[in-house]
Amino acid sequence: MPLDAMSDLDDEALLARYAAGDASAARALTLRLTPIVLAHAARLLGDRAEAEDVAQEALLRLWRIASDWRSDEAKVTTWLYRVTANLCLDRLRKRRGVALDAVPEQADGAETVEAGMQRSARAEALQAALMQLPARQRQAVVLRHIEGLGNARIAAIMDIGPRAVESLTARGKRRLAAILLHSRAELGLSDDG
Amino acid sequence: MTDKPRTEDGLQRFFDAGRAAAAEPGGDLLARITAQALAEQQQRPVLAPEPGVWALLMRALGGWPAMAGFAAAACTGVWLGFAPPEAVLAYFVDENVLNALDPISGYDFALLEG
């Protein structure tokens, strides 16, 4: 089947073809899934080179379980988001040597950065701010507000309940708002949550 | 929270910018991952659908030809049990006759060993 005709097939159907030995399914899956995995890893790690390593490793694990994939189980992307995050969290653990729910230290006197920024500068600022969140808050916020997934799917990816997802995203957003939209001096004056 | 709508709007612009600036894979990375996918594919045998319990049993017993013979033998046995021929009945009437059927007795073996 030509590569462009494969665009009609969903991920699970493509994976079944891959498991059956279809080489063009291998190429189609790579093209479709690598951008998702790479972007997610880059947001969690804040490092492009490491994100590439994680993307390659996550997809290698997918190739290896393809024959055992049961189509009535989770979606391929749900599984991939989870594996990608776990690989990223392992690297973060080794990098920092601290608990993943610990809050990294912030510099005092951060000024308001929101005014007068171009889009790429905003993206960079967001990534820098995300890296100041505890890893699990970062994961929840990224899945919810950048990948655009619903709470039920995020709960399945993170292996927690929907309430825990809401709590993580709410706390993450408050923290991002504090970093990106308000100076620390303002926070001290109008501390209403 | 007095500032909540402004905060939401403000953050939304950052999230939109972040989504638009997603890291994109270069040709090298795609080539490496594709090569790995193809290599894994070639290493693993193509799996036929998993056989069910009955199919496995059939295979163990020798497949359809053996099953046909087995079925025929089973039917014959049932038939003999329901309507045995006269010759067969005779053997089951007198237990002394059963002993006479035994071609070699333990006594003969003892003689053979000498």
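How many residues does the contact take from chain B and from chain A? I noted 32 residues from chain B and 42 residues from chain A, with contact meaning heavy atoms within 4.5 Å.

A word on the ground rules: this is a predicted model, where local features need pLDDT of at least 70 and side-chain atom pairs count only at pLDDT 80 or more, while totals for chains, interfaces and linings use all residues. Residues are numbered from 1 along each chain as its sequence is written, chains are lettered from A in the order in which they are written, and side-chain values use heavy atoms, with hydrogens and water left out.

Next I looked up the buried area (accessible area, 1.4 Å probe, that two parts lose on being put together, summed over both). Chains B and A bury about 3,500 Å² between them, 65% of it on carbon and sulfur atoms. On the chain B side, Phe14(B), Phe15(B) and Gln41(B) lose the most area to chain A, together 21% of what that side buries.

Then I checked for salt bridges (a side-chain nitrogen of Lys or Arg within 4 Å of a carboxyl oxygen of Asp or Glu). The rule finds two across this interface of chain B and chain A. Arg32(B) forms a salt bridge with Glu52(A), with the closest N and O atoms 3.4 Å apart.

Which elements give two or more residues to the side of chain B that touches chain A? I found α1 (4-20) and α2 (27-43) of chain B, helices being DSSP runs (H or I, at least four residues) numbered from the N terminus. The largest share, 11 residues, comes from α1(B).
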